[in-house]
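Me: I would like to go through this structure with you, starting with charged pairs. Please look at it first.

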Amino acid sequence: TKGLKEILGVKKRPNWGILYYVLAGYAVYFLLSFVLLALSELLIPGFNVDEEQSVGFEQLNGQVEYVMAFLALVVLAPVVEEAIFRGFLFGRLRKNMNFWWTALLVSLVFGAIHLQLNVGVDVFALSLILCYVREKTGSIWAGVGIHMIKNSLAFAILFLQLDLQNLIINLLH
C-alpha cells in the first residue's frame, strides 16, 4: 500500500506548508483560464464562454439540499477528482512519461469528461495547474485546496447568486 499511496499522491499528509501552493496555484489558474477562454472565444466559431454549466443540482429546495449540494460539489468532488486524476492517473502515467506530456494528457481527459466546451477549457487550465502542484509537492493535497476554492466560488455564484463583479467593486471602494 505504500507504493499505491505514493502513486495516488496521498503518502504525505496535508500541512500548512501547502498554503503557498494553494493560493499561488489558484491565482495562476484564474489567469490561465481567463487567457484560454478569451483565446477560445476568438478562435473557435460559436464558442460561448457564458454557457451555463449543468451540475445536476438545478432544483434545490431548502437548507438541507443546499448543504448536500455544497458537500457534494465543494468537498467530495475535489477530493475524489484529485484522487482519480492527479492521484491515480497522473501518478501512473508520470512513471512512463515526462511531466508536460503527462499534464497535457491528464488535463485533456479532465476537460473532456466535463462534457461542455467552455467548462472543458476552464477545467483544462485548472488541471494543468493542479498537475504542476502535484509534481512540485509530491501530493494531491494542495490541488484539493485549489479545487475546493474554485468550486466554492462557483457554488457561491451558481447557487447563492453572488454577484462577483459588484462584490469586487464594493471591496475596492
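Reply: One term is needed at the outset: a salt bridge is a side-chain nitrogen of Lys or Arg within 4 Å of a carboxyl oxygen of Asp or Glu. Please note also that this is a predicted model. By that criterion, the side chains of R94 and E135 form a salt bridge, at 2.8 Å from N to O.

Me: Which helices does that pair of R94 and E135 link?
Reply: R94 belongs to helix α3 and E135 to helix α5, so distant parts of the chain, 41 residues apart, are linked by this pair.

Me: And how exposed are R94 and E135?
Reply: R94 has a relative accessible area of 28% and is therefore partly exposed. E135 is also partly exposed, because its relative accessibility is 32%. The range for that class lies between under 20% for buried and over 50% for exposed.

Me: How many salt bridges does a search of the whole structure find?
Reply: The search finds three. Besides R94 with E135, there is R86 with E82, at 2.7 Å from N to O, and K150 with D122, whose closest N and O atoms are 3.1 Å apart.

Me: Where do R86 and E82 lie?
Reply: Both are in helix α3, four residues apart, which is about one turn of the helix.

Me: Is R86 buried or exposed? And E82?
Reply: R86 counts as buried because its relative accessibility is 0%. E82 counts as buried for its own value of 0%.

Me: What does the pair of K150 and D122 tie together?
Reply: K150 lies in helix α6 and D122 in helix α5, so the pair ties together parts that are 28 residues apart in sequence. Both K150 and D122 are buried.

Me: What else touches D122?
Reply: Y29 is in contact with D122, and also with A125, L126, I129 and K150, leaving aside its neighbours within four places in sequence. S33, in helix α2, is in contact with D122 and A125 on that basis. At 4% relative accessibility, S33 counts as buried.

Me: Changing topic to the nonpolar core: which residues of the largest one touch the most other members?
Reply: That core has 22 residues, and Y29, L126, C131 and I146 touch the most other members. The elements giving two or more residues to this core are α2 (19-43), α3, α4, α5 (117-137) and α6 (141-159). Helix α5 gives the most, with ten residues.

Me: What does the second, separate core include?
Reply: The second core has six residues, among them L60, A69, V74 and F155. As general background, nonpolar side chains tend to be buried together in soluble globular proteins.

Me: Back to helices. At what angle do the axes of α3 and α4 cross?
Reply: The axes of α3 (residues 63-94) and α4 (residues 99-112) cross at roughly 145° and come within 10 Å. The crossing is right-handed.

Me: Which residues make that contact between α3 and α4?
Reply: From α3 they are E81, F85, R86, L89, F90, L93 and R94, and from α4 they are F99, T102, A103, L105, V106, V109 and F110. By class, this contact has ten nonpolar, one polar and three charged residues.

Terms used. Residues are numbered from 1 along each chain as its sequence is written. This is a predicted model: local features need pLDDT of at least 70, side-chain atom pairs count only at pLDDT 80 or more; totals for chains, interfaces and linings use all residues. Side-chain values use heavy atoms; hydrogens and water are left out. Axes are lines fitted to C-alpha atoms, for helices over the stretch in contact, and angles run from 0 to 180 degrees between N-to-C directions. A crossing is left-handed if the near helix is turned anticlockwise from the far one by less than a right angle, and right-handed if clockwise. Contact means heavy atoms within 4.5 Å. Ala, Val, Leu, Ile, Met, Phe, Trp, Tyr, Cys and Pro count as nonpolar, Asp, Glu, Lys and Arg as charged, and the others, Gly among them, as polar. A nonpolar core is a set of buried Ala, Val, Leu, Ile, Met, Phe, Trp, Tyr and Cys residues joined through side-chain atoms within 4.5 Å. Buried means under 20% relative accessible area, exposed over 50%, partly exposed in between (1.4 Å probe, protein chains only).
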